[in-house]
Amino acid sequence: MATVRWESASKWFGRTAALRDFSLAVEDGEFLVLVGPSGSGKTTALRLLAGLDSISAGHVWIGDRIVDRLAPQERKIAMVFQDYALYPQMSVSQNMGFGLRMANVPRQDIERQVAATAHTLGIGELLERKPRELSGGQRQRVALARALVRQPQVFLMDEPLSNLDAQLRAQTRGEIKRLQKDVRITTVYVTHDQVEAMTMGDRVAVMRDGVLQQVGPPGTVYDQPANVFVASFIGSPAMSLNALAAERRGGSLTLRRDTFSLELSSFSRDVPSTVTLGVRPEQARLWDGAANLVGPFGGTVESIEELGRESFVSVVTPEGLRFVLLVDGSFSVAIDQRLSFGLRSGQLHLFDGETGHALVRI
Amino acid sequence: MRLRFEQGVTYTVLLLFCAVAVAPLLGILVVALGGGAHFDNFVGAWNAGDLGTGLRNSVVITTTVVVASAVLSVLSGYALGTMRFRGDTLIFAVFLIGVVMPFEAPIVPLYYDLRAFGLTDSYWGVILPDTALSVAFGTFWMRAFFLSTPVSLIEAARIDGASSRATLQHILLPLARPHLLTLMVLVFMWTWNDFLLSLVMLSNPSIQTLPLKLAVFQGRYVTDVSSLASGAVIVMLPVVLVYIILQRHFMRGALSGALKL
Ligand SMILES: Nc1ncnc2c1ncn2[C@@H]1O[C@H](COP(=O)(O)OP(=O)(O)OP(=O)(O)O)[C@@H](O)[C@H]1O
Ligand SMILES: [Mg+2]
């Protein structure tokens, strides 16, 4: 078991920077999720840690050693690949035992460890099968077992669930998380699925274009996104983001676009003249006159996403602002219907209209 | 109805091609047997043509070429298919020249070169050029296979602590078996059937290969068509046997480029 640290790590492929000045420390036993859209450098960060790609600048630490120049096998890591990369001609037990065999572990010890790990993961009956005789879910489990049996210091996983169907994915998510808590091996987990990130990670690192945007516990990243990108990437449906002009007058702040205006009294901070207002669906509600709502605002229904217990209703105001409202599943609504809604004061996000950086909660 | 018809057409065409391919072979067989089903012709040809010596020489040369080119092709194909190093494209281009160049072109200068080294009229005079030629194609062939294997397989092996030799030995070679067998059959056929190179390099009858021995029937015994045919059958036999024994693997290897594992 060990800590892991990227220190100003960069990686160029020719002239494209896949990873730029990436600094992040993972604690011993922590489950860290790297999340971001396609091409954001998640896999690159993982491969630098694994030693599968050479680092262009900066350092990678495992424990108290710089491992930049160590071969993968010297780093005491194990990796679960997206396509599992099981050795096709070997049985499950041979697959699991291969790493130990390469390390010259005695035969009986290999057998014992393989059997024990197989038992933990409930694949004891599959040991003599070949990978092609396994279902997708079973292969995934074998890949996990193969990584686990070597008792690595660090566990690396690159989208290990993306080849499973939705139900199996949800189930395996929980199992991996539980397993990791049991063995307490430091884990770096890559996914582009923000639900996976939020449900599995002790901390979540959000990436974009090779640059780390924000890192923190899932709740923090959700409640206090560092910028517009994180705000829009984390959460489903996404946070509603609208550009507005900001005017400070005396002790109050007015956000305005055409006839839409939202006034906040007793606001004393400096803000730039254009801002982006971010509103999560659960902070935008039908107008009921409650004291914690600002409004009412009027809008017409653009689209409806019904999930049974609740529905997400997307409305557009006459000024062209868009909000997604969380409403009760029993509330019936039709497209083009006019609605009045309010926004939860104290729960709204303000971002700098130019840089996208988070300013303040209002 | 339609399907029936299409199937009929398919079979007709296939049978036609089959007939065209098999007819000369059948003709040779018929001539060799000389009308009756007795094997005196073969015994006669065997003794008259000194085919026993030819067989020994062919076996020695072909075995060496097949084994050497298989080993070398696997190694060079592995390097060119899975590793990046300075000059790799250039080296591969050189191998490609060996594939596309007509073999007849350099054969005369080759003769003088090998004579200068004293290698003509020895097994090496045929083994070395044949191996070189086979390795050019073999590298091309094996590289294509190694390129088609998932990179993650090699990376998983590296993380599992396998050296590049162990990765080849334990992970990739077992997967490459059908491909490699196909290569070995092809090289076997080319080397076994080679005539021109042996003709140029080997003038001493004691080290001449089977196809060269056959030529003897054409010179001194012009009229002896049935001995020639019997000899031809003897020369063909090992190729047919090897093909029949390995055909299952052979087909799989030939297809493995098209079908995923
Ligand atoms: N071997 C390579 N050669 C050239 N460019 C590469 C290579 N690997 C990655 N890149 C580039 O680096 C950037 C980051 O790629 P990376 O694979 O790390 O993204 P990712 O976040 O894992 O994306 P995904 O979710 O699609 O897997 C991309 O722009 C990609 O095109
Ligand atoms: Mg990736």
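Buried, in this talk, means under 20% relative accessible area, exposed means over 50%, and partly exposed is in between, with a 1.4 Å probe and protein chains only. By that rule Arg47(A), at 17% relative accessibility, counts as buried.

Before going on, the ground rules. This is a predicted model, in which local features need pLDDT of at least 70 and side-chain atom pairs count only at pLDDT 80 or more, while totals for chains, interfaces and linings use all residues. Residues are numbered from 1 along each chain as its sequence is written, chains are lettered from A and ligands numbered from 1 in the order in which they are written, and side-chain values use heavy atoms, with hydrogens and water left out.

Back to Arg47(A). Arg47(A) forms a salt bridge with Asp53(A), and their closest N and O atoms are 2.9 Å apart. A salt bridge here is a side-chain nitrogen of Lys or Arg within 4 Å of a carboxyl oxygen of Asp or Glu. Asp53(A) is buried too, with a relative accessible area of 17%. Over all chains, the structure holds 14 salt bridges.

Another one is in chain B, between Lys213(B) and Asp50(B), with 3.4 Å between the closest N and O atoms. Lys213(B) lies in helix H10 (residues 210–219) of chain B and Asp50(B) in the loop between helix H2 (40–48) and helix H3 (51–82) of chain B, so the pair ties together parts that are 163 residues apart in sequence. Helices are DSSP runs of H or I with at least four residues, numbered from the N terminus. Lys213(B) is buried at a relative accessible area of 3%, and Asp50(B) is partly exposed at 34%. Salt bridges that share partners also join Arg47(A), Asp53(A) and Glu155(B) into one network.

Next, the contact between the chains. How many residues does the contact take from chain B and from chain A? Chain B gives 16 residues and chain A gives 23 residues, where contact means heavy atoms within 4.5 Å. The area buried between them is about 1,700 Å², and carbon and sulfur atoms give 61% of that. Buried area is the accessible area (1.4 Å probe) that two parts lose on being put together, summed over both. In chain B, the residues that lose the most area to chain A are Arg158(B), Ile159(B) and Asp160(B), together 40% of what that side buries.

Two salt bridges are counted between chain B and chain A. Asp160(B) forms a salt bridge with Arg150(A), the closest N and O atoms being 3.4 Å apart. On the side of chain B that touches chain A, the elements giving two or more residues are helix H7 (151–159) and helix H8 (164–193) of chain B. H7(B) supplies the largest share, seven residues.

Last, the interior. A nonpolar core is a set of buried Ala, Val, Leu, Ile, Met, Phe, Trp, Tyr and Cys residues joined through side-chain atoms within 4.5 Å. The largest one has 85 residues, and those touching the most other members are Trp6(A), Phe22(A), Leu34(A), Leu156(A) and Val188(A). H8(B) gives the most to this core, with twelve residues. Not counting residues up to four places away in sequence, Trp6(A) touches several residues, including Phe22(A), Leu49(A), His59(A) and Val188(A). Apart from that core lies another, of 42 residues, among them Met96(A), Ile110(A), Ala118(A) and Ile234(A).
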